[in-house]
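Here is a short tour for anyone meeting this protein for the very first time. Please keep the picture open as you read along.

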Amino acid sequence: MSMNSKDSAGGSASNQSSSPPLSRYESQKRRDWNTFEQYLKNQRPPVSLSQCNCNHVLEFLRYLDQFGKTKVHLHGCVFFGQPDPPAPCTCPLRQAWGSLDALIGRLRAAYEEHGGSPETNPFGNGAIRVYLREVKDSQAKARGIPYKKKKKKRINHPLKAHHDELIIKNPKQPA
């Protein structure tokens, strides 16, 4: 059987050249990037990607808050600090901290994939990290849900253990 008859009987050449479907992460990253680009275009005056800085990113994150689904109680609310309030209240819905954190991670990667340099990536700016930390802390207090920092597991390396053992046996040896 020749290659030509295989192509006509099995898969066509056009099917083989098409790229595999995007993963959920890649699809979401593409949607997020398109949304951010559209946001920049809708600014008055429009902002080009080369002009984009961390202030534009912060404004974008604040803009997205209006579409959030997480109830964040205000200081004056009787349910402030309660994880499971017994009744509804008029406090606003916001973007959850975890969603914003994941969004920034995807946009940071997309920025560099679209030709931006890591050194000028506005999504990696310290101001963004500070903003995310403030959102995390304020939401944790307002919702009564503490975020505990995960402790890193200490891995004992076999050579390190051997080195420590030698020092104990011979304390005069320089470390």
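Read along the sequence, the protein runs α-α-α-α-β-β-α-α-α, which comes to seven helices and two strands. Helices (H or I, at least four residues) and strands (E, at least two) are DSSP runs, numbered from the N terminus. This is a predicted model, in which local features need pLDDT of at least 70, side-chain atom pairs count only at pLDDT 80 or more, and totals for chains, interfaces and linings use all residues. Residues are numbered from 1 along each chain as its sequence is written, and side-chain values use heavy atoms, with hydrogens and water left out.

Of the 175 residues in the protein, 26% are buried (under 20% relative accessible area, with exposed over 50% and partly exposed in between; 1.4 Å probe, protein chains only).

How do H3 and H5 pack? Here are the two helices and their partners in this report.

| Element | Residues |
|---|---|
| H3 | 24-41 |
| H5 | 97-113 |
| H4 | 54-64 |
| H6 | 126-143 |

H3 and H5 pack at an angle of about 80°, with their axes 9 Å apart. Axes are lines fitted to C-alpha atoms, for helices over the stretch in contact, and angles run from 0 to 180 degrees between N-to-C directions. H3 is therefore roughly perpendicular to H5 (65 to 115 degrees; under 35 is roughly parallel, over 145 roughly antiparallel and the rest oblique). The contact (heavy atoms within 4.5 Å) includes Tyr25, Trp33 and Phe36 of H3 and Leu103, Leu107 and Tyr111 of H5.

Asn121 is buried, with a relative accessible area of 6%. Its side chain joins that of Glu112 in a polar contact of 3.1 Å. Leaving aside neighbours within four places in sequence, Asn121 is in contact with Arg108, Tyr111 and Glu112.

At the start of H6, a side-chain oxygen of Asn125 reaches to within 2.7 Å of the backbone nitrogen of Ala127. Buried residues of H6 include Ile128, Tyr131, Leu132 and Val135, and what covers the buried residues of H6 includes H4, strand S2 (93-94) and H5. Gly144, with a positive phi near 70°, follows H6.

One more stop is the loop between H3 and H4, where Pro45 lies. A cis peptide bond joins Arg44 and Pro45, with omega about -5°.

Note on methods:
A polar contact is a pair of N or O atoms within 3.5 Å; within protein, one must be able to donate a hydrogen and the other to accept it, and residues adjacent in sequence count only if both atoms are side-chain atoms.
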